[in-house]
Amino acid sequence: MQHCFSRRDLLIAGGVGVGVVALAACGGGADVPELTGVGSGDVVVPLSEVPVGGAYEVSIDGRRVVVSRPARERVVAFTARCTHQGCTVRASEEGLVCPCHGSVFDLTDGSAVHGPATEPLGTVGVAVRGTDVVLT
Ligand code: FES
């Protein structure tokens, strides 16, 4: 399943076509790609799969992560666990939105822009390496 998202046209990225050795098929009801056994330097997603101004959702060793691309050559990533009570946030045109109580987090820095959450999302180290987004 593929989701693509950008602020303008609601493209949500995720899903198929991730050329990663450790990529496993989506399972257990997960609706995003699952990566297992990956570490520093391993590919998370080809950069081309992450729309500029948008986000790519993936599960890394069971932890939901959102990879955001604020600029053409810049990526950042956040844990998708809401800092209010732990629900999973999802990318939308408003930012990273928690379905439980409506908190919204900034797609570029993970800060809470709308409560009840007040703390930012946790960060995940990623970088652009060539044509890929890799873990740092
Ligand atoms: S758990 Fe996210 S707003 Fe409450």
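Among contacts in the chain (heavy atoms within 4.5 Å) between residues at least 6 apart in sequence, 47% join residues at least 24 apart. The structure is a predicted model, in which local features need pLDDT of at least 70 and side-chain atom pairs count only at pLDDT 80 or more, whereas totals for chains, interfaces and linings use all residues. Residues are numbered from 1 along each chain as its sequence is written, and side-chain values use heavy atoms, with hydrogens and water left out.

The secondary structure comprises zero helices and 14 strands, where helices (H or I, at least four residues) and strands (E, at least two) are DSSP runs numbered from the N terminus. The accessible surface, calculated by the Shrake-Rupley method with a 1.4 Å probe and, for residues, with only the protein chains shown counting as cover, comes to about 6,400 Å², of which 51% belongs to carbon and sulfur atoms.

The confidence of the prediction was considered next. The chain averages a pLDDT, the predictor's confidence in each residue on a scale from 0 to 100, of 82, and 78% of the residues score at least 70. Where pLDDT is low, the predicted coordinates should not be read in detail.

A search of the whole structure finds three salt bridges, each defined as a side-chain nitrogen of Lys or Arg within 4 Å of a carboxyl oxygen of Asp or Glu. Side chains of opposite charge can pair when their charged atoms come close. D31 forms a salt bridge with R64, with the closest N and O atoms 3.3 Å apart. This pair links distant parts of the chain, since D31 lies in the loop between β2 (23-24) and β3 (34-35) and R64 in strand β6 (residues 63-71), 33 residues apart. Both partners are partly exposed, D31 with a relative accessible area of 24% and R64 at 21% relative accessibility.

The side chain of D31 also meets that of R90 in a salt bridge with an N to O distance of 3.1 Å; here the loop between β2 and β3 is linked to strand β8 (residues 90-92), the two residues being 59 apart. R90, which counts as partly exposed at 26% relative accessibility, forms a further salt bridge with E57 at 2.8 Å, N to O. This pair connects strand β5 (residues 55-60), which holds E57, with strand β8, which holds R90, across 33 residues. E57 is buried, with a relative accessible area of 1%. Through shared partners, the salt bridges join D31, E57, R64 and R90 into one network.

Strand β5 also contains A55, which counts as buried at 0% relative accessibility. A55 and G95 are 40 residues apart in sequence, and their C-alpha atoms are 9.4 Å apart in space.

An open sheet of three strands has the order β4-β14-β13, with antiparallel pairing, two strands being taken to pair if DSSP finds at least two bridges between them. The edge strands, each of which pairs on one side only, are β4 (43-46) and β13 (126-129). The twist averages 30° from one strand to the next, with axes taken as lines fitted to C-alpha atoms (for helices, over the stretch in contact) and angles running from 0 to 180 degrees between N-to-C directions. Strands of a sheet pair through backbone hydrogen bonds, either parallel or antiparallel. Within this sheet, four bridges join β13 to strand β14 (residues 132-135), and the two run antiparallel; among the bridge partners in β14 are V134 for A127 and V133 for V128. β13 and β14 form a hairpin with two residues between them, and G130 in the turn has a positive phi of about 65°.

Key:
Buried means under 20% relative accessible area, exposed over 50%, partly exposed in between (1.4 Å probe, protein chains only).
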